[in-house]
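Hi,

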Amino acid sequence: MKINWYKYASPANFYRVAGKLVLVFGVPAAILFMLGLYVGFFVAPTDFQQGDAYRIIFIHVPAAWMGMMLYILMATYAGIGWAFNARLASMMATAISPTGAMFTFLSLATGSLWGKPTWGTWWVWDARMTSTLILLFLYIGFISLQASIDDPRRADRAGAVLALVGVINVPIIYFSVQWWNTLHQGATIRLLNKPTMAPPMLAAMFIMLGACWLYSVAVVLLRLRCIILEREHEAGRPILMNTKGVQLSRVELT
Amino acid sequence: MNWTEFFSMGGYAFYVWGSYLIALLLLGGEVLALRQRKKSLAARVNNSGPGQSEQS
């Protein structure tokens with residue numbers, strides 16, 4: 001079977017595909033969230049040092065990773081959209097940004113709720129937390145910069161510059177616990193070392209990470225559809241939908 | 001298993017459940033907001049018939 005992949009680079013065609021993919025990713029996301037929480041709360045044992053407070057890790061660490069990975073993904077799409085003048089890639093970057101910001105905020109909020117009982121403080125200006133706060137500001141900067149420019153392609157380009165410059169912050173967050181003496185603990189999971197966590201704890205964390213990934217794909221595709229619809233409509237290339245707002249076809253239009 | 005013990009989270013109930021409550025509100029809120037956005041968008045797009053762009 002031969003598939004013409006270039007076909008899907010057109011926003012109108014991708015709109016239809018994305019609609020089907022939302023559930024393909026959304027339903028497994030919900031299942032993995034439930035499984036991850038089950039393992040995290042009923043299988044993983046109580047930590048001998050932190051008691052049950054450590055269970056925040058199952059949402060905190062996946063949220064922090066998503067914040068960083070979605071930023072890299074957003075910057076990559078923004079860069080592709082800028083370099084190759086690909087509208088759909090730029091729209092993808094715009095669609096990723098609110099979800100990335102949400103996860104970054106979630107990592108800061110849950111980190112704060114974890115810091116209070118274990119460190120005795122909601123917040124310290126240590127390298128890891130400060131650089132994560134900067135990541136949140138980069139997301140907010142990207143979103144507000146794009147919102148402030150009327151012409152969508154100019155907004156895409158301006159956002160791409162900001163997103164690409166900001167990428168430097170991601171390795172800073174990642175290595176901050178090694179480069180500086182931080183209150184935040186070092187990495188529990190390293191590529192080449194054996195993890196220092198009990199297997200059920202580790203499993204719960206990775207299941208939750210998988211759930212967060214699937215959730216992100218579903219939500220980003222949902223948002224991408226809205227963006228495609230808005231932009232194509234405003235550009236005078238309306239994509240027709242039926243009354244339920246589900247099905248669309250370019251053929252119906254012409 | 002003892003549910004009272006489970007919900008008390010060894011005295012860390014506020015922090016643990018607080019974290020997951022925030023997560024639920026953020027993720028759920030994002031999905032609901034997107035549904036709303038799509039709904040109002042669909043109404044707008046469908047009302048301004050084919051081929052004609054909206055007056056802004």
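In which crossing, left-handed or right-handed, does H1(A) pass H7(A)? The crossing is left-handed (the near helix is turned anticlockwise from the far one by less than a right angle; clockwise would be right-handed). By class, this contact of H1(A) with H7(A) has 30 nonpolar, five polar and two charged residues (Ala, Val, Leu, Ile, Met, Phe, Trp, Tyr, Cys and Pro count as nonpolar, Asp, Glu, Lys and Arg as charged, and the others, Gly among them, as polar).

Before going on, please note that this is a predicted model, where local features need pLDDT of at least 70 and side-chain atom pairs count only at pLDDT 80 or more, while totals for chains, interfaces and linings use all residues. Residues are numbered from 1 along each chain as its sequence is written, and chains are lettered from A and ligands numbered from 1 in the order in which they are written.

Of its 27 residues, 19 are buried, so H2(A) is largely enclosed by the rest of the structure (buried means 20 or more other C-beta atoms, placed from the backbone, within 10 Å of a residue's own). After H2(A) comes A:Asn85, with a positive phi near 55°. Likewise, H7(A) is followed by A:Gly236, whose phi is positive, near 80°.

Finally, the contact between the chains takes 33 residues from chain A and 26 from chain B (C-beta atoms, placed from the backbone, within 7 Å). On the chain B side there are 15 nonpolar, six polar and five charged residues.

Best wishes

Conventions
Helix = DSSP H or I, 4+ residues; strand = E, 2+ residues; numbered from the N terminus. Contact = placed C-beta atoms within 7 Å. Buried ≥ 20, exposed ≤ 12 C-beta atoms within 10 Å, placed from the backbone.
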